Amino acid sequence: MLEKQLLGYRVVVAPSSIVFHVCSATVGRTGLLTSRYLDLRNGLKTLLKNYSVKSLLKLIPAFLALEFAESIFISLKTNDAYIIIAYVKAALWNLTSLRYTIIARERVQPSRVVDDDEIMRKMMRGSAKLFFLLKYRAKLTFVSGKSHML
């Protein structure tokens, strides 16, 4: 969706909509550990590929801090420190794959017609993940490697 916005496509948001995921293809097959790894790996790559350097200087520290906090939270809830290892592996993957991300970035950046400030003005203020964790933390539990709402 972000790439389409950067290219100038109009994105419509329905804040009152509710989406129920019956299952996650990733979590269903491989569990919470791989899901966390892919979430961070792909999220970080998306930021690096699509945002300006100026925006990245602000976004990357906040993104990494929130993801690390979430990893610690999940580790404590599941009593599984390997979640933190998934976080580290995903960050390292982005470092070792930076060359390929730069190639993808060089393809995306010249075709941008919308600047980061315009994209960010339309985004939710704060962190949606943090909002979700704080709002539902009492109801959130982890069963056999998958997160569930009670």
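Helix α3 and its two helix contacts

At 1.5 Å a residue, the 19 residues of α3 should span 27 Å, and the end C-alpha atoms of α3 are 27 Å apart, which agrees. The model is a predicted one. Helix α3 covers residues 32–50. Its buried residues are Leu 32, Ser 35, Arg 36, Leu 40, Arg 41, Leu 44, Leu 47, Leu 48, Lys 49 and Asn 50.

Two packed helices are described by the angle between their axes and the distance between the axes. For α3 and helix α5, residues 82–96, the axes come within 8 Å and cross at roughly 30°. Angles under 35 degrees count as roughly parallel, and α3 and α5 are therefore roughly parallel to each other. Their crossing is right-handed. On the α3 side the contact is made by Leu 32, Leu 33, Arg 36, Tyr 37, Leu 40, Arg 41, Leu 44, Lys 45 and Leu 48, and on the α5 side by Tyr 82, Ile 83, Ala 86, Tyr 87, Lys 89, Ala 90, Ala 91, Trp 93 and Asn 94. By class, the residues of this contact are 13 nonpolar, one polar and four charged.

The axes of α3 and helix α6, residues 98–108, also come within 8 Å, but cross at roughly 45°. That angle makes α3 oblique to α6. Here too the crossing is right-handed. From α3, Lys 45, Leu 48, Lys 49 and Asn 50 meet Leu 98, Thr 101, Ala 104, Arg 105 and Val 108 of α6. The residues of the α3 contact with α6 comprise four nonpolar, two polar and three charged.

Lys 45 and Leu 48 of α3 take part in the contact with α5 and also in the contact with α6.

Key
Residues numbered from 1 in each chain as written. Predicted model: local features only at pLDDT ≥ 70, side-chain atom pairs only at ≥ 80, totals over all residues. Heavy atoms only, no water. Axes fitted to C-alpha atoms, helices over the stretch in contact; angles between N-to-C directions. Helix = DSSP H or I, 4+ residues; strand = E, 2+ residues; numbered from the N terminus. Parallel < 35°, antiparallel > 145°, perpendicular 65-115°, else oblique. Left-handed = near helix turned anticlockwise from the far one by under 90°. Contact = heavy atoms within 4.5 Å. Nonpolar A, V, L, I, M, F, W, Y, C, P; charged D, E, K, R; others polar. Expected span 1.5 Å × (residues − 1). Buried < 20%, exposed > 50% of the residue type's maximum accessible area, 1.4 Å probe, protein only.
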